[in-house]
Amino acid sequence: MALRNVVKVGDPILAKKSRVVEKFDDRLSTLIDDMFDTMYDAQGVGLAAVQVGMLRRVVVIDCGDGPIELVNPEITKAEGEQRESEGCLSLPGQYGVTIRPAKVQVKGQDRHGKWHIYTGEGLKARCFCHELDHLEGILFTEKTIKEQA
């Protein structure tokens, strides 16, 4: 696999909406593998395809309990509230407190097109919300209620 360059804040691609994935092929599998390699190398817990310059509705997440790949994901349920600190690989060194749901349910496809449902609480819920926001061209700084050093 290969490491990809992470797009940094200021690049206009980060403000664009990602496109639905319709082809489940080797190129998609390579993108997902490269995204995992890039995320792990940068010591992140989530990465959206737009962050590596690809306007595709693809995210990868690993909050410590194993890798999750989501193609064409959407949040189907959200409940509660949490106020916690977030950062982003596209905004190195920048952190802020955001308000996110305490628990979310997400459905998405894998690299083969098969649908899966995942539930996340705490950090995983924040990761799902943060990465899916990227697919809409939204950065966590747009939801920050308090900046942190």
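**View A. His134 touches Lys16, Ala48, Val50, Gln51, Cys88 and Leu139, leaving aside residues up to four places away in sequence.** Touching here is contact, that is, heavy atoms within 4.5 Å. The model is predicted, so local features need pLDDT of at least 70 and side-chain atom pairs count only at pLDDT 80 or more, while totals for chains, interfaces and linings use all residues. Residues are numbered from 1 along each chain as its sequence is written, and side-chain values use heavy atoms, with hydrogens and water left out. His134 belongs to helix H2. With a relative accessible area of 1%, His134 is buried (buried: under 20% relative accessible area; exposed: over 50%; partly exposed: in between; 1.4 Å probe, protein chains only). Helices (H or I, at least four residues) and strands (E, at least two) are DSSP runs, numbered from the N terminus.

**View B. Helix H2 is largely enclosed by the rest of the structure, because 12 of its 13 residues are buried.** The buried set runs through Lys124, Ala125, Arg126, Cys127, Phe128, Cys129, His130, Glu131, Leu132, Asp133, His134 and Leu135. From first C-alpha to last, H2 spans 19 Å, close to the 18 Å expected at 1.5 Å a residue (expected span: 1.5 Å times one less than the number of residues).

**View C. Lys124 of helix H2 is a charged residue that is buried, with a relative accessible area of 15%.** Apart from residues up to four places away in sequence, Lys124 touches Cys63, Asp65, Ile68 and Thr119. Val45 is 79 residues from Lys124 in sequence, and the two are 8.9 Å apart in space, C-alpha to C-alpha.

**View D. The largest pocket has a volume of about 400 Å³ and a lining of 23 residues.** A pocket is an open set of points on a 1 Å grid over the protein atoms alone, where a 1.4 Å probe fits, with protein on both sides within 12 Å along at least five of seven lines; lining residues have an atom within 4 Å of a point. Grid points are joined across faces, edges and corners, and the volume is the space filled by probe spheres set on them. Gly44, Val45, Gly87, Cys88 and Leu89 are the lining residues nearest the centre of the largest pocket. Strand S4 (82-87) and helix H2 (123-135) each give at least two residues to this lining; the largest share, five residues, is that of H2. By class the lining holds 10 nonpolar, nine polar and four charged residues (nonpolar: Ala, Val, Leu, Ile, Met, Phe, Trp, Tyr, Cys and Pro; charged: Asp, Glu, Lys and Arg; polar: the others, Gly among them).

**View E. The second largest pocket holds about 310 Å³ of space and is lined by 13 residues.** Lys23, Asp25, Arg27, Leu28 and Arg56 lie nearest its centre. The lining comprises six nonpolar and seven charged residues, with no polar ones. Helix H1 (residues 26-41) gives the most to this lining, with three residues.

**View F. Helix H1 has 16 residues and reaches 22 Å from its first C-alpha to its last, close to the 22 Å expected at 1.5 Å a residue.** Leu28, Ser29, Leu31, Ile32, Asp34, Met35, Phe36, Thr38 and Met39 are the buried residues of H1. These residues pack against strand S1 (46-48), strand S2 (58-61) and strand S3 (68-79). Gln43 lies in the loop between H1 and S1 and has a positive phi of about 60° although it is not a glycine. Gln43 is exposed, with a relative accessible area of 73%.

**View G. The side chain of Gln109 makes a polar contact with the side chain of Asn72 (2.9 Å).** A polar contact is a pair of N or O atoms within 3.5 Å; within protein, one must be able to donate a hydrogen and the other to accept it, and residues adjacent in sequence count only if both atoms are side-chain atoms. Gln109 is placed in strand S6 (residues 103-109), and Asn72 in strand S3. Gln109 is buried at a relative accessible area of 9%, and Asn72 is buried at 10%. Asn72 has a positive phi of about 55° although it is not a glycine. A polar atom of the Gln109 side chain also lies 3.1 Å from the backbone oxygen of Gly113. Not counting residues up to four places away in sequence, Gln109 touches Phe24, Glu69, Leu70, Val71, Asn72, Lys114 and Trp115.
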